[in-house]
Protein chains: 2
Amino acid sequence: MAYHFQIVEDCLKCEFREQSLFCDLPREALIRLQEIKATSVYPKGALLCLEGQSPRGIFILCTGRAKLSTTSSEGKSMILRVAEPGEVLGLTAAVANSPYEATVETLEPSQANFIAQADFVRFLQEFPDVGLKVAKQLTHNCKCAYDEIRSLGLSNSVPEKLAKLILRWAEHPLELSLKKPNETALRVTLTQEEIAQFIGTSRETVSRVLTGFRKKGYIRVKGATWTITNRRALENLVTT
Amino acid sequence: MAYHFQIVEDCLKCEFREQSLFCDLPREALIRLQEIKATSVYPKGALLCLEGQSPRGIFILCTGRAKLSTTSSEGKSMILRVAEPGEVLGLTAAVANSPYEATVETLEPSQANFIAQADFVRFLQEFPDVGLKVAKQLTHNCKCAYDEIRSLGLSNSVPEKLAKLILRWAEHPLELSLKKPNETALRVTLTQEEIAQFIGTSRETVSRVLTGFRKKGYIRVKGATWTITNRRALENLVTT
DNA sequence: CAAAAACTGTGACCGCGGTCACCAACTCAC
DNA sequence: GTGAGTTGGTGACCGCGGTCACAGTTTTTG
């Protein structure tokens, strides 16, 4: 199967670097990074690491997106967040040298750089800037987690949670949205099952609520492309 | 009102330092810390920082415990975690230079060191060890948050969540528990209202479930001292 | 391109737990 | 002390959303 994106072999030439949370490092650090990293390409659905495993190293997600999830002993599972390009994964585990907190699964064909635990620790000690980036990434993880807690704990109803989620996604809309004014198009790669795991509800309820939104003209759904047609209405559902 | 603990003025002589997540730093760093910190003592219920405020600096909690909470616009609020002595508070905000994520309120008379934003940033750049400790603290925050998400999202029932919480508390039991075998005594400083906010339910339900636990002989409650009398039963309620 | 697998839509049922309402017990402040 | 303000206990009610069951649809795969 052919991948539909350019593989970025050389971090120094990477065009996404500056928008990335982690990779915007000084030249010397990038050169070092280039030496210790191992670039791989993964199909959709690939597992980068498994919750509970002891950490072998970290992953820098170059392109594609990945979901971080945690599973209860009964098999019920829960999405913690969706990581975007430029994020570092497995950091919590690597820093504390404790098992991975989450299972990471690619949602799209993705490229990621792997750095082995020992190399990473040395890299961290060698360049102070790396420590700062690590702190930034950890901070971002915390914020996402707190958002998730707020969503789970402070929202009253599923419609509210779902509206909140859609609005969050709407912050990164599709550019290619054939601009009708006041409409926002977005590409949703999660299944309803996954959305349910994200907002802590059941698949059936997501389906029902979504149908409700469609009937009321809040959104239009065409395959993986959702179009927000009444943003105001969604915002009114959200209290927080 | 007199405080019932010794005030630790000198970080170099602090006897709790080694058990602390943050303060176990090299001598030079401690000397610097000593210069830039401002020690204060707070009564129970004092607010160290407020959610949404821009960060003025960080707090190192020396003695006492504090709850971190977040509030929805409707006034419903939710406890994110309870911080123990030695933890750094306000770090997420300080690192990202973004508003405080949570409101911090002391649960007991407490002592804390304040470091102003600018001093902290300089301190961080000056001593690499500090960066590491910061990463450790942030990692800890993430883990707590993930536990909270798991508790909120993966547990089925309130009894399960409450059992889980009690068992988590039981990991730090009261030493002075007049050892009956198989009994664990613990001091609970949260009100039922706060417990409810911690596990995402209502006060009434906490009360009811607790009464259930007492009737079934899982725990005994005497004021703020709870005694686990049937740990096994509590563990059986927990599925994760 | 057909068969399998995954995903989505919907009806029926019902129980957990939120909410309201009130009283009891405890804790402070003065 | 005494009264105000928390905190805790409990009954009644009922609606949201979980679960089960199954049909329809889309995607994957060999």
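Which residues are buried in helix H3 (residues 117-126) of chain A? In this predicted model, they are A:Phe120, A:Phe123 and A:Leu124.

## Helix H3 of chain A

Viewed down the axis of H3(A), the buried residues fall within an arc of 100 degrees, and they therefore line one face of the helix. An α-helix has 3.6 residues a turn, so residues three or four places apart point the same way.

The face turned away from the buried side of H3(A) carries A:Ala118 and A:Glu126, which are exposed. On the buried side, the residues of H3(A) pack against several elements of chain A: helices H1 (27-36), H2 (91-96) and H4 (128-154), together with strands S3 (57-63) and S8 (110-116).

## The contact between chains A and B

Chain A contributes 32 residues to the contact, and chain B contributes 32 residues. On the side of chain B that touches chain A, strand S5 (77-83), helix H2 (91-96) and helix H4 (128-154) of chain B each supply at least two residues. The most comes from H4(B), which gives 18 residues to that side. By residue class, the side of chain B that touches chain A comprises 14 nonpolar, eleven polar and seven charged residues.

## Relation of the two copies

Chain B is superposed on chain A by a rotation of 180 degrees with 0.0 Å of shift along its axis, at an RMSD of 0.1 Å. This is the relation of a two-fold axis.

Of the interface residues of chain B, 100% are also interface residues in chain A, so the copies meet through the same surface.

Conventions
Residues are numbered from 1 along each chain as its sequence is written. Chains are lettered from A and ligands numbered from 1 in the order in which they are written. This is a predicted model: local features need pLDDT of at least 70, side-chain atom pairs count only at pLDDT 80 or more; totals for chains, interfaces and linings use all residues. A residue is buried if 20 or more other C-beta atoms lie within 10 Å of its own, exposed if 12 or fewer, and partly exposed in between; C-beta atoms are placed from the backbone. Helices (H or I, at least four residues) and strands (E, at least two) are DSSP runs, numbered from the N terminus. The arc is that of the directions from the helix axis to the C-beta atoms. Two residues are in contact if their C-beta atoms, placed from the backbone, lie within 7 Å. Ala, Val, Leu, Ile, Met, Phe, Trp, Tyr, Cys and Pro count as nonpolar, Asp, Glu, Lys and Arg as charged, and the others, Gly among them, as polar. Copies are superposed by least squares on the C-alpha atoms of residues with pLDDT of at least 70 in both.
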